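The following exercises concern the structure shown below. Each consists of a task and a solution in steps.

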Amino acid sequence: PNFPILATHPYLPENWVLNLPLGGLRQPITNFLWRIIVNGFNRCNYVTAPTQTALDLLINRGLKSPHRPVSNGVDIEQFHPRKTDRKVLLSRYNIPESRRIILYAGRLEGEKRIHVIIDALPELKKQHDIHLVLVGAGIMKKSLAEQAEKLEPSYRVTLTGCLATQQKTHWNNIPPPSAIPPAERLYALPP
């Protein structure tokens, strides 16, 4: 059958190879994957990506198909400003109320590079009374917990595990900053 094909580009080959022991082959394999992606997308009737930056990555690698950015959006029925009792929420996790919270909410996976945030905590602690809260679950949870335990003091990192949406929204209502560490994250890159 002859029907239109729409493709979307929410990922980067750099993330696919991040945790593989490729050594000097990492960049050639990444380039090869980009060629496969762009060649496939050039056979589509239309291509979308979550940001213009993501589209620019494809265009710079030869995308010819019609395209436009389409944001993933946010479910405003679930994620909207609401009254959150900061004191109660922080006390549930034994976090002193005086701390500034750095929040990361998402999958705890290698490509998210959450270890970069933990590495930065000693430097950040010099200027701010901070506490990192990691909301989510994933294969990196154990190694992130081990990394955090090596910090002095280790009690400045809290891993909540997977939370129900209602509980996540309370964390989102704690004032910023939020943390998005990876360089290869299409949703966080400005146009």
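Two strands pair if DSSP finds at least two bridges between them; helices (H or I, at least four residues) and strands (E, at least two) are DSSP runs, numbered from the N terminus. The model is predicted, so local features need pLDDT of at least 70 and side-chain atom pairs count only at pLDDT 80 or more, while totals for chains, interfaces and linings use all residues. Residues are numbered from 1 along each chain as its sequence is written, and side-chain values use heavy atoms, with hydrogens and water left out.

**Exercise 1. Strand pairing**

Task: State how β5 is joined to β4 and to β6, and name a residue pair for each.

Solution:
- Step 1. β4 and β5 run parallel and are joined by six bridges. Arg100 has Ile130 in β5 as its bridge partner.
- Step 2. β5 and β6 also run parallel, joined by four bridges. Here Leu132 stands opposite Val157 in β6.
- Step 3. For the chain as a whole, the secondary structure comes to seven helices and six strands, in the order β-α-α-β-α-β-α-β-α-β-α-β-α.

**Exercise 2. Burial of the strands**

Task: Determine how many residues of β5 and of β6 are buried.

Solution:
- Step 1. Buried means under 20% relative accessible area, exposed over 50%, and partly exposed in between (1.4 Å probe, protein chains only).
- Step 2. In β5, six of the six residues are buried, so the strand is largely enclosed by the rest of the structure.
- Step 3. In a regular strand the side chains alternate between the two faces of the sheet. Both faces of β5 are covered, with Ile130, Leu132 and Leu134 buried on one side and His131, Val133 and Val135 buried on the other.
- Step 4. Strand β6 (residues 157-161) has four of its five residues buried, so it too is largely enclosed by the rest of the structure.
- Step 5. Across the protein chain, buried residues make up 36% of the 191 residues.

**Exercise 3. The nonpolar cores**

Task: Identify which residues of the largest nonpolar core touch the most other members, and which elements contribute two or more residues.

Solution:
- Step 1. A nonpolar core is a set of buried Ala, Val, Leu, Ile, Met, Phe, Trp, Tyr and Cys residues joined through side-chain atoms within 4.5 Å.
- Step 2. The largest core has 14 residues, of which Ile114, Leu132, Leu134 and Val157 touch the most other members.
- Step 3. Two or more residues come from each of β4 (100-105), α5 (114-125), β5 (130-135) and α6 (141-149). The most come from α5, which gives four residues.
- Step 4. Contact means heavy atoms within 4.5 Å. Leaving aside residues up to four places away in sequence, Val157 touches Leu121, His131, Leu132, Leu134, Ala148 and Leu151.
- Step 5. A second, separate core has 13 residues, including Ile37, Val47, Ala54 and Leu63.

**Exercise 4. An aromatic pair**

Task: Describe the geometry of the pair formed by Tyr93 and Trp171, and explain which parts of the chain the pair ties together.

Solution:
- Step 1. Rings of Phe, Tyr and Trp (its six-membered ring) pair if their centres lie within 6.5 Å; planes under 30 degrees apart count as stacked, over 60 as edge-to-face and the rest as tilted.
- Step 2. The count comes to one aromatic pair. Tyr93 and Trp171 are tilted, at 5.5 Å centre to centre with 55 degrees between the planes.
- Step 3. Tyr93 lies in the loop between α4 (86-92) and β4, and Trp171 in helix α7 (residues 165-172), so the pair ties together parts that are 78 residues apart in sequence.
- Step 4. Trp171 is buried, with a relative accessible area of 1%.
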